[in-house]
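Let's take a friendly look at the side chains of a protein chain. Here are the sequence and the structure to explore.

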Amino acid sequence: MAKLWGGRFSIQNLDEEMQRLLDEFNASLPFDKNLWEEDIQGSIEHAKMLYATGLLEIHELDSILKGLAEIKQEIQQNTFIFNNKDEDIHTAIESALSKKIGNAGKKLHTARSRNDQVALDFKLYCRKHNILLQKLLTKLIQTLLDIAKEHTLTIMPGMTHLQHAQPISFGYHLVAWCMALKRDVERLKVCYEISNDCPLGSAALAGTPYNNERENLAKSLGFSHASLNAMDSVSQRDFALDLLYNIAMIMLHISRMSEELIIWSSYEFKFVSFCDNFSTGSSIMPQKKNPDVAELLRGKCGRTYGNLISLLTTMKALPLAYNKDMQEDKEVVFDSIQTASISLKILTQSLKTLTIHKENMLAMCQKGHLVATDLADFLVQECNIPFREAHHITGVCVRYAEEKGVDLSTIDVKSLQSVLQQEIQAFLSRINQASTQHHVIKLEGLNTESLHNILNLENSMQRRNSLGGCNSDEVKKQIHSLYTWLHEII
């Protein structure tokens with residue numbers, strides 16, 4: 001089969017196997033055929049421009065548009081024959097068009113190169129899937145918010161270093177997940193906007209002598225404007241790298257969410273249970289119910305990192321303008337888009353069928369002395385003890401609870417009261433010896449009723465009513481704010 005560019009070449013006969021291998025090595029058609037829809041879209045608008053500028057007759061335009069419509073239908077119906085000897089999707093479609101309509105098809109490539117053609121097709125594809133990913137993210141956020149609003153009073157242990165820290169609500173934790181996903185949507189929006197320049201009409205690298213009405217072309221293809229510099233237009237893949245980075249961030253957040261779901265579904269926690277459809281069993285241990293789907297979601301993050309690094313490495317030392325190395329740009333993008341799309345759909349559905357065990361979350365809050373900070377704050381606010389001293393005194397109380405084998409939230413209050421009085425007196429002795437100024441301590445607030453109130457887990461959660469805190473009313477405001485944002489962007 002003659003190549004579109006074959007005029008200046010005198011091709012030597014190679015043995016059949018080497019020729020097959022060389023054709024396969026050069027060809028991008030096996031993967032860039034994914035761009036067929038964008039290629040036809042670009043060709044339709046390009047043909048209309050050629051007619052508008054007098055480079056095509058009306059009958060030629062009609063013939064081209066009819067031929068492209070037939071090819072589109074054939075591809076949709078899986079009757080179009082792709083041949084690797086066509087090299088790429090652009091050549092495959094142009095060759096098929098020329099066979100259908102003759103010389104009019106051969107005029108279609110006037111005033112463009114495969115360089116600006118592929119840049120256009122690939123950018124259109126990335127922009128289309130950018131929007132699709134945004135929609136999948138908003139569905140996931142919606143699902144999380146729907147769960148979160150039912151659990152603003154479901155107490156669970158908040159953790160740092162995977163150690164019990166302070167009581168929060170399950171709804172509050174899910175809102176934190178939503179905030180990360182919201183940033184993913186906003187990054188995709190920025191990515192979409194900065195890829196709003198159309199490369200079509202740049203030709204090989206230097207523009208074209210034809211009046212190709214690039215601004216009109218850009219508008220007809222859904223861009224806000226034409227790209228400013230033809231050489232840059234065909235040389236850059238920033239739009240693909242931006243999308244790969246955004247997908248890597250999406251998968252990072254999915255991986256972190258999956259990690260927590262995996263931990264929470266273990267018998268040690270048992271905060272949640274996955275639906276059987278999103279779990280698998282063991283080939284040897286009949287009792288096992290493994291969170292394999294969540295583990296796969298966590299694991300697929302790595303391949304999207306690899307795809308990003310792969311294209312960054314390909315592009316890092318390429319001279320301007322187009323180089324064949326850039327053929328390596330598409331497979332990694334296609335793979336990352338598919339990975340993220342499937343992951344978002346599966347995660348969303350797995351959350352809709354998740355069983356939440358509130359009683360286990362509450363029971364876990366009674367381990368790890370989650371109210372310790374509340375006791376320290378109480379000593380500061382009610383007893384006029386400096387925070388650093390209050391921190392030390394509370395630490396002594398925690399040690400006392402550990403020795404008694406109880407949690408600070410369930411300790412005998414009178415015993416705690418005795419320890420506190422002892423430690424406060426020791427503090428007064430130290431400070432009065434070190435300073436001539438008399439430090440006033442207020443002990444009237446140190447009564448059993450106040451201590452019961454301070455050591456209550458729900459009270460501890462509700463006290464944190466600062467902006468962004470875990471107080472249930474604050475969490476409801478956060479949920480409302482995110483719902484409002486969703487309605488504005490959908």
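Buried means under 20% relative accessible area, exposed means over 50%, and partly exposed lies in between (1.4 Å probe, protein chains only). This is a predicted model: local features need pLDDT of at least 70, side-chain atom pairs count only at pLDDT 80 or more, and totals for chains, interfaces and linings use all residues. Residues are numbered from 1 along each chain as its sequence is written, and side-chain values use heavy atoms, with hydrogens and water left out.

**Salt bridges**

- The structure holds 21 salt bridges (a side-chain nitrogen of Lys or Arg within 4 Å of a carboxyl oxygen of Asp or Glu).
- Side chains of opposite charge can pair when their charged atoms come close.
- D88 and R114 form a salt bridge, with their closest N and O atoms 2.7 Å apart.
- D88 sits in the loop between α4 (58-76) and α5 (89-101) and R114 in helix α7 (residues 114-148), so this pair ties together parts that are 26 residues apart in sequence. Helices here are DSSP runs (H or I, at least four residues), numbered from the N terminus.
- D88 is buried at 8% relative accessibility, while R114 is partly exposed at 27%.
- D374 and R464 meet in another salt bridge (3.1 Å, N to O).
- Both D374 and R464 are buried.
- A network of salt bridges links E37, E38 and K128.

**Cysteines**

- The count of disulfides (pairs of cysteine sulfur atoms within 2.5 Å) is zero.
- For C178, the nearest cysteine sulfur is that of C470, 16 Å away.
- C178 is buried, with a relative accessible area of 0%.

Definitions and conventions: Helix = DSSP H or I, 4+ residues; strand = E, 2+ residues; numbered from the N terminus.
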